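Please look at the model below with its ligand and pockets in mind. The report that follows takes up the ligand and then the space around it.

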Amino acid sequence: MNLLRFDSEESWIAKVVSLWRDRLRTTPDLTMCLPTGTTPLRVYAEMARSVGVGLVSFARARVFVLDEFGGLAADDPGRTRNTLRHQLIDAIDLPPPAFHFLDPDIPDVTRHCKAYDAAIGDGFDLVLLGIGLNGHLGMNEPGSPSDSTTRRVDLHTTTIESSARYFSHHNLPQWGITVGLKTILGSKEVWVLANGASKREIVRRMIADEISPSNPASLLRRHPNCSLFVDAEAGGSLIAE
Ligand code: F6R
């Protein structure tokens with residue numbers, strides 16, 4: 001795993017976005033899987049600006065949402081589809097049919113998940129990930145099988161509690177649908193983004209823990225092309241004191 005550590009959040013954002021622009025220029029039909037959450041917020045804002053000033057284009061790309069919360073109204077701004085649209089998709093030139101998302105309201109979720117995996121096809125060229133405080137990737141909580149595909153999952157209590165910051169109400173989602181670890185681990189390239197002091201301990205554990213599904217993030221150490229981008233605070237435990 002490549003470790004990229006930056007002195008400031010600004011330089012962390014600039015590097016991620018500049019590499020992302022490079023990938024899109026080299027492979028205009030890039031197939032990507034993107035997370036929501038607090039971590040990528042400013043990365044998306046900078047990428048939207050890049051598209052706005054003509055530095056790069058998503059016109060031939062495909063974007064898949066990494067996961068989705070269940071049990072919320074379709075127009076809830078905290079649903080990942082709505083969040084990603086608001087933070088990135090509506091501001092870039094991605095053709096609407098190239099934006100793929102999960103629908104937790106569909107009656108046959110299993111079939112829907114299979115269709116999502118079929119649409120992903122040969123796998124992602126690039127997956128961007130945040131990291132949960134317990135090591136979850138997407139909604140693949142500790143204990144998720146490493147050969148899992150897109151499926152309905154129950155969220156851990158800590159994940160439910162920490163999701164409160166995404167919502168303006170108290171009806172916190174108890175479950176969701178997520179792209180599975182098999183698909184994430186089988187992607188050509190994976191970037192894990194971590195910023196802020198709250199991620200310091202899980203970043204340390206991602207590198208130091210035994211490689212095991214009990215810490216899904218640790219499984220990425222076996223990926224042949226995974227990069228971990230940390231700012232000074234999230235990477236604080238990685239420098240010799
Ligand atoms: C969201 C997702 C989650 C988050 C993780 C970190 O689509 O996949 O796994 O990446 O919970 O969340 P933040 O970035 O809010 O700290």
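Predicted model: local features only at pLDDT ≥ 70, side-chain atom pairs only at ≥ 80, totals over all residues.

Residues are numbered from 1 along each chain as its sequence is written, and side-chain values use heavy atoms, with hydrogens and water left out.

**The ligand**

| Residue | Protein atom | Ligand atom | Distance |
|---|---|---|---|
| threonine 38 | polar backbone atom | oxygen | 2.8 Å |
| glycine 138 | backbone N or O atom | oxygen | 2.7 Å |

Taken alone, the ligand exposes 410 Å², of which the protein buries 92%; these accessible areas come from the Shrake-Rupley method with a 1.4 Å probe. The ligand is surrounded by 15 residues, of which the closest are Thr39, His136, Arg165, Tyr166 and Lys199, where a residue is counted if one of its heavy atoms lies within 4 Å of the molecule. This shell divides into 4 nonpolar, 8 polar and 3 charged residues, with Asp, Glu, Lys and Arg counted as charged, Ala, Val, Leu, Ile, Met, Phe, Trp, Tyr, Cys and Pro as nonpolar, and the others, Gly among them, as polar.

**The pockets**

The ligand sits in the largest pocket, meaning that more than half of its atoms lie within 2 Å of the pocket's grid points. A pocket is an open set of points on a 1 Å grid over the protein atoms alone, where a 1.4 Å probe fits, with protein on both sides within 12 Å along at least five of seven lines, and lining residues have an atom within 4 Å of a point.

The largest pocket has a volume of about 550 Å³. Its lining has 28 residues, and those closest to its centre are Ile131, Gly132, His136, Arg165 and Tyr166. By class, this lining has 8 nonpolar, 17 polar and 3 charged residues.

The second largest pocket holds about 180 Å³ of space. Among the 14 residues that line the second largest pocket, Pro77, Gly78, Thr83, Gln87 and Tyr166 are the closest to its centre.

How values were computed:
Polar contact = N/O pair within 3.5 Å; in protein donor to acceptor, adjacent residues only side chain to side chain. Points joined across faces, edges and corners; volume = space filled by probe spheres on them.
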